[in-house]
Structures are given as C-alpha cells and as structure tokens.
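Look at the structure below and keep an eye on the aromatic side chains. The text that follows goes through some of them in turn.

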Amino acid sequence: MLKDLKINKNDMIILSIILVISILTKISTFYYPIGGDTVVYLNLAEEINNNLSYNLNNIEHIKFPPGWPFFLQPFLTIFGNPIVAVKIAGILVSSLIIALTYGISRKLNITQKESILISALLLFNPWFFYFSGGFLPGSDGLASLLYLGASLFFIIAYKNGHLITKSNDKLRKRNNLFHYLVGIFLSFSWLTRVDMLFYIIPFMIYYGWDLVINRKNIFRNILVVILTGLPFFLWTLRG
C-alpha cells in the first residue's frame with residue numbers, strides 16, 4: 001500500500017514548501033477571536049476532554065456530529081489552552097488540505113506547475129482561508145480533509161483496478177484495501193459534517209453501479225457502502 005502512496009523527491013520538496021507557506025500565512029490569525037459554531041464545537045471538545053461526555057449544559061447534544069470535537073480533544077490535552085488548541089488544529093488541518101490537493105493533482109497526472117498553481121489558488125482563497133484556516137477553524141476543514149483522503153484512495157484504487165488480472169489476487173486484495181479506506185474516510189467525513197452526504201452520493205452511485213455490472217466485486221462494494229453509512233446511522237440512533 002505504501003508503494004502506491006509514494007511520491008518522488010521533487011514532489012516531496014514542493015509539498016514541504018507548501019506546508020511551511022500555509023502554516024506561516026495562517027499564524028497571523030492566531031490571536032483572532034473565535035465565534036459562532038466554532039465555540040459550540042470547542043465546548044463539546046472540552047466536555048469530552050473533561051467529562052468523557054457529549055453534553056452541553058448537562059443535556060446530551062444531538063445537533064452537531066462528533067468528528068471535529070473528538071479530533072480537537074487531543075489538542076486540548078496537549079496544549080491546555082482551548083483557543084490555542086483549536087487554532088493549531090485548524091491551521092494543521094487546512095495546511096494538510098492544501099498539501100493533499102497537490103498530491104491528488106499529481107496522482108491525476110496534472111503537471112507539477114499546474115499542481116502548484118491549483119494549490120496556490122486554494123491557499124489564498126478568501127473563503128477557505130477564513131473558514132478552514134486560522135480565523136474560524138471548524139468542522140468544514142476536517143470534513144474536507146477526510147473527503148480528499150477518500151478521493152485520493154479512490155483514484156489509486158481506480159487506476160490500479162485496470163492493472164488487475166485474473167491471476168493477480170495479491171494486487172486485487174491490496175486494491176480492495178484502498179476501496180475500504182474510501183468507505184472509512186467518507187464515513188468519518190460524514191460524521192464530521194452532515195451535509196457531506198451530498199458529496200458522498202457520487203461515490204455510492206459508482207459502487208452501486210459496479211455492484212450491478214461486476215459480480216466479482218459484490219462483497220467489496222457492499223462492504224464499502226456499509227463502512228460509509230453504518231457509523232453515521234449508529235450515531236443517529238442516539239437522537
């Protein structure tokens with residue numbers, strides 16, 4: 001699996017530069033006050049960290065899904081200060097989004113220069129900078145990062161799928177692992193933001209169609225759908 005994720009030296013250098021530039025540009029927002037839903041998510045993360053519960057004002061919370069608060073919890077444990085924790089988590093996530101965007105571009109055989117341009121356009125996009133960076137970091141960024149991770153695994157699995165022969169069971173099994181990772185990352189993305197369902201639907205259409213036309217992949221496709229939907233379904237049973 002690591003072989004499929006491997007990138008060349010030049011791309012690794014560019015990724016490192018992208019990460020550094022992204023972090024440096026967002027440090028300027030470090031002391032900007034947070035507000036809105038970001039505060040609610042932070043309160044939930046503090047409740048998890050302090051009391052191992054998902055309550056607000058002693059009432060079990062059902063409105064916001066748990067992905068971002070649970071992700072924030074280790075940052076609260078490490079840094080102590082809630083504002084510092086949420087800012088660092090947001091800057092890290094948004095920087096990884098930009099780096100992953102570059103990586104996906106390269107996996108799609110987009111040229112190095114064009115991939116850099118795509119990453120730069122995202123880096124300096126005002127909406128992205130505001131909501132997924134240092135100003136108001138929240139669930140949007142983490143959900144997008146997980147969705148991009150699922151997209152990367154899908155691209156790898158789809159491209160490798162054309163290389164599989166009847167006698168190459170080892171490659172088939174390795175490729176199926178990437179498909180399962182697609183389901184897992186989509187699931188966590190959905191558990192981070194409910195509206196990610198609209199972006200998950202195209203994946204489900206693909207696996208549903210492949211389920212109909214390719215009997216060899218019946219078990220794999222059913223498992224991907226289960227991995228994607230079951231965790232969110234179990235979470236909704238709380239409400």
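Start with helix 4, which covers residues 67-79 and holds both Phe71 and Phe75. These two residues are 4 apart, which is about one turn of the helix. The model is a predicted one.

How exposed are the residues along this helix? Phe75 has a relative accessible area of 13%, and because buried means under 20%, Phe75 is buried. Phe75 forms an aromatic pair with Phe79. A pair of aromatic rings is described by the distance of the centres and the angle of the planes.

Phe71 has a relative accessibility of 26%, so Phe71 counts as partly exposed. Phe79 has 37% relative accessibility and therefore also counts as partly exposed.

Now take the whole structure. How many aromatic pairs does a search of the whole structure find? The search finds 17. One of them is formed by Phe71 and Phe75, with 5.3 Å centre to centre and 45° between the planes, and this pair is tilted.

Definitions and conventions: Residues numbered from 1 in each chain as written. Predicted model: local features only at pLDDT ≥ 70, side-chain atom pairs only at ≥ 80, totals over all residues. Heavy atoms only, no water. Phe/Tyr/Trp six-rings, centres within 6.5 Å; stacked < 30°, edge-to-face > 60°. Buried < 20%, exposed > 50% of the residue type's maximum accessible area, 1.4 Å probe, protein only.
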